[in-house]
Amino acid sequence: MSTSKALPQPDREEIRVEAVLQALGEPVRLQIVRALADVPEGIACGEIELPVTASTRAHHLRTLREAGVLSTHTEGTRRISKLRREDLEELYPGLLNGILAARR
């Protein structure tokens, strides 16, 4: 039997555009968001290819989660992250799509 537990994150009404933009302004975090955009059901954190150490990866994922950009839950020993597209689109229409469409 697999148990799933969500990690702490802001509720939709607590997400602030300043925190979202600050979180997305870092290249590695933007790379994470682009990877998650291709996998709507979410992806295990360790499966996202990044040029950083595991502890730095965890820091970036936590920053994105605390800003409300993604949600993370545990499945056994794995942490699965996915974009909070619906929440971000409701609060800031077009923001995420515009960021994802920007040139790399």
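Author: Contact, or touching, means heavy atoms within 4.5 Å of each other. This is a predicted model: local features need pLDDT of at least 70, side-chain atom pairs count only at pLDDT 80 or more, and totals for chains, interfaces and linings use all residues. Residues are numbered from 1 along each chain as its sequence is written, and side-chain values use heavy atoms, with hydrogens and water left out.

Reader: Fine. What does N97 touch by that rule?

Author: Leaving out residues up to four places away in sequence, N97 touches R85 and E89. N97 itself sits in helix 5; helices here are DSSP runs of H or I with at least four residues, strands are runs of E with at least two, and both are numbered from the N terminus.

Reader: Why is N97 called partly exposed?

Author: Buried means under 20% relative accessible area, exposed means over 50%, and partly exposed is in between (1.4 Å probe, protein chains only). N97 comes out at 44%, so it lands in the middle class.

Reader: And what makes L30 buried?

Author: Its relative accessible area is 18%, so L30 falls under the buried cut-off. L30 belongs to helix 2, and beyond its sequence neighbours up to four places away it touches L24 and I99.

Reader: What makes a group of residues a nonpolar core?

Author: They have to be buried Ala, Val, Leu, Ile, Met, Phe, Trp, Tyr or Cys residues, joined through side-chain atoms within 4.5 Å. The largest such set here has 26 residues, and I32, V33, L64 and V69 have the most contacts inside it. Helix 1 (17-24), helix 2 (27-37), helix 3 (54-67) and helix 5 (95-101) each put in at least two residues. Helix 2 gives the most, with six. Take V33: setting aside neighbours within four places in sequence, it is in contact with L24, L64, V69, L83, L96 and L100.

Reader: How do you know that strand 3 and strand 4 pair?

Author: Two strands count as paired if DSSP finds at least two bridges between them. Strand 3 (residues 70-75) and strand 4 have six, in the antiparallel sense, so they qualify. Among the bridge partners, L70 goes with L83 and T74 with R79. Two residues separate the strands in this hairpin, where G76 takes a positive phi near 65°.

Reader: What about strand 2 and strand 4?

Author: Strand 2 (residues 43-44) and strand 4 (residues 78-83) share two bridges, antiparallel again, so the pair meets the rule of at least two. In this pairing, A44 stands opposite I80. As background, strands of a sheet pair through backbone hydrogen bonds, either parallel or antiparallel.

Reader: Which strands are called edge strands?

Author: The open sheet has four strands in the order 1-3-4-2. Strand 1 (4-6) and strand 2 are the edges, as each pairs on one side only. Helix 2 packs on the sheet, touching strand 2, strand 3 and strand 4, and its direction makes about 85° with that of strand 4. (Axes are lines fitted to C-alpha atoms, for helices over the stretch in contact, and angles run from 0 to 180 degrees between N-to-C directions.)

Reader: What makes R12 and D87 a salt bridge?

Author: A salt bridge needs a side-chain nitrogen of Lys or Arg within 4 Å of a carboxyl oxygen of Asp or Glu. R12 and D87 come to 2.6 Å, N to O, so they pass. The pair joins distant parts of the chain, 75 residues apart: R12 is in the loop between strand 1 and helix 1, and D87 is in helix 4. R12 also bridges to E86 at 3.4 Å, and R84 bridges to D87 at 2.8 Å. That links R12, R84, E86 and D87 in a network. The count for the model is four salt bridges.
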